[in-house]
Amino acid sequence: LDQSGSMTENSDLWTPVTSALLSFIDSADVAGVDVALQYFPLGATMVEDIKICTPANYTVPAVPFGALPQAAPALRANIQAHHFTAAQGKEAAHWGTPTGPAVDGVLQYLKQWKASHAEHRVALVLATDGQPSRICSKNTIDDIAARLAAAFAAPEAITTFVVGIGKLDRLDALAAAGGTGQKAFVVEGAGGAKTQMDFVNALASIRKLSLPCDYALPTATMGALNVNEVNVDVQKGATNVPFVRVTNTAACGTRADAWHYDDPVAPTKLQLCPQACEVVRTAATKVEIAVGCEARVVL
């Protein structure tokens with residue numbers, strides 16, 4: 001989250017944006033989702049301090065990953081502790097927009113966390129109201145887009161969603177590099193209730209888009225995988241919903257609890273039925289694929 005001085009310079013954007021974040025973490029719809037939080041810039045002791053350009057400033061988040069709702073109190077306290085006014089926005093601590101170094105540092109953290117949480121899908125949400133500062137090297141939109149594209153192309157892909165607070169040039173280039181297929185979300189830049197609602201809606205859309213509707217089967221063990229011993233369970237808040245397997249897309253009908261293989265003879269992935277996909281993207285917090293027990297099949 002961008003905490004540069006411009007977030008309070010012309011109008012108070014900080015209050016509605018952080019209020020939207022608080023609303024998001026308190027929502028029952030996100031129970032079970034892991035959330036971490038980091039800010040930029042960090043590290044300055046004076047105006048035009050090149051220390052803000054150090055990626056190491058951003059590798060340890062202000063609040064590390066924790067599952068909601070248990071993590072909500074720590075996130076709330078930290079967000080409130082970072083509140084700043086227009087007068088404070090002129091201080092050195094809020095000078096500059098080191099987007100590239102912040103992305104570098106946060107991606108390091110995400111890669112490390114993903115390495116020990118292979119069952120999780122990891123996404124970066126970058127929210128900013130300013131152009132990257134020239135004081136930092138390799139801090140142009142093109143430079144940052146290249147790093148985001150590399151993170152998405154890595155074996156353990158990390159996708160990136162972008163939220164622009166106010167219409168900002170070329171943020172769509174960052175969003176395209178992030179691999180989500182989603183343009184940058186644009187939030188009202190005048191402050192107030194419209195800014196808050198736009199940010200709430202952006203977070204809700206990101207949450208909806210974060211869970212995929214098809215899942216690759218483990219190719220390294222395909223020879224040993226019994227396709228009749230695969231089950232899918234979907235967690236919706238505190239409720240676990242068993243999904244069933246159907247033959248193909250045509251057999252889905254209007255079922256909101258079904259999936260099928262891409263190829264029933266030699267499958268490479270399983271796919272959720274269209275209605276089930278909508279359920280997952282609007283209400284689910286976890287999709288669990290279990291191997292080894294007789295599949296629940298609807299013929």
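Hi everyone. Let me start with the residue classes I'll be using: Ala, Val, Leu, Ile, Met, Phe, Trp, Tyr, Cys and Pro count as nonpolar, Asp, Glu, Lys and Arg as charged, and the others, Gly among them, as polar. Please keep in mind that this is a predicted model.

First, the overall picture. The protein has eight helices and eleven strands. Its radius of gyration is 21 Å, close to the 19 Å that the globule rule gives for 299 residues, so the protein is as compact as a globular protein of that length. If you follow the C-alpha trace along its principal axes, it spans about 65 × 35 × 30 Å.

The accessible surface is about 14,300 Å², and carbon and sulfur atoms hold 55% of that. Looking at contacts with a separation of 6 or more, 69% are between residues 24 or more positions apart.

Now to the second largest pocket, with a volume of about 170 Å³. Which residues line the second largest pocket? You'll find Ser23, Phe24, Ser27, Asp29, Val30, Val200, Leu203, Ala204, Arg207 and Thr282 there. Two elements, α2 (14–25) and α7 (192–210), each give two or more residues to this lining. And which element gives the most to the lining? That would be α7, with four residues.

Back to those classes, then: the lining divides into five nonpolar, three polar and two charged residues. By the definition I opened with, Asp29 and Arg207 are the charged pair, while Phe24 and Leu203 are among the nonpolar ones.

Methods:
Residues are numbered from 1 along each chain as its sequence is written. This is a predicted model: local features need pLDDT of at least 70, side-chain atom pairs count only at pLDDT 80 or more; totals for chains, interfaces and linings use all residues. Side-chain values use heavy atoms; hydrogens and water are left out. On a 1 Å grid over the protein atoms alone, a cavity is a set of points where a 1.4 Å probe fits but cannot get out, and a pocket is an open set with protein on both sides within 12 Å along at least five of seven lines; lining residues have an atom within 4 Å of a point. Grid points are joined across faces, edges and corners, and a volume is the space filled by probe spheres set on the points. The radius of gyration is taken over C-alpha atoms; the globule rule is 2.2 Å times the number of residues to the power 0.38. Contact means heavy atoms within 4.5 Å. Accessible areas come from the Shrake-Rupley method with a 1.4 Å probe; for residues, only the protein chains shown count as cover.
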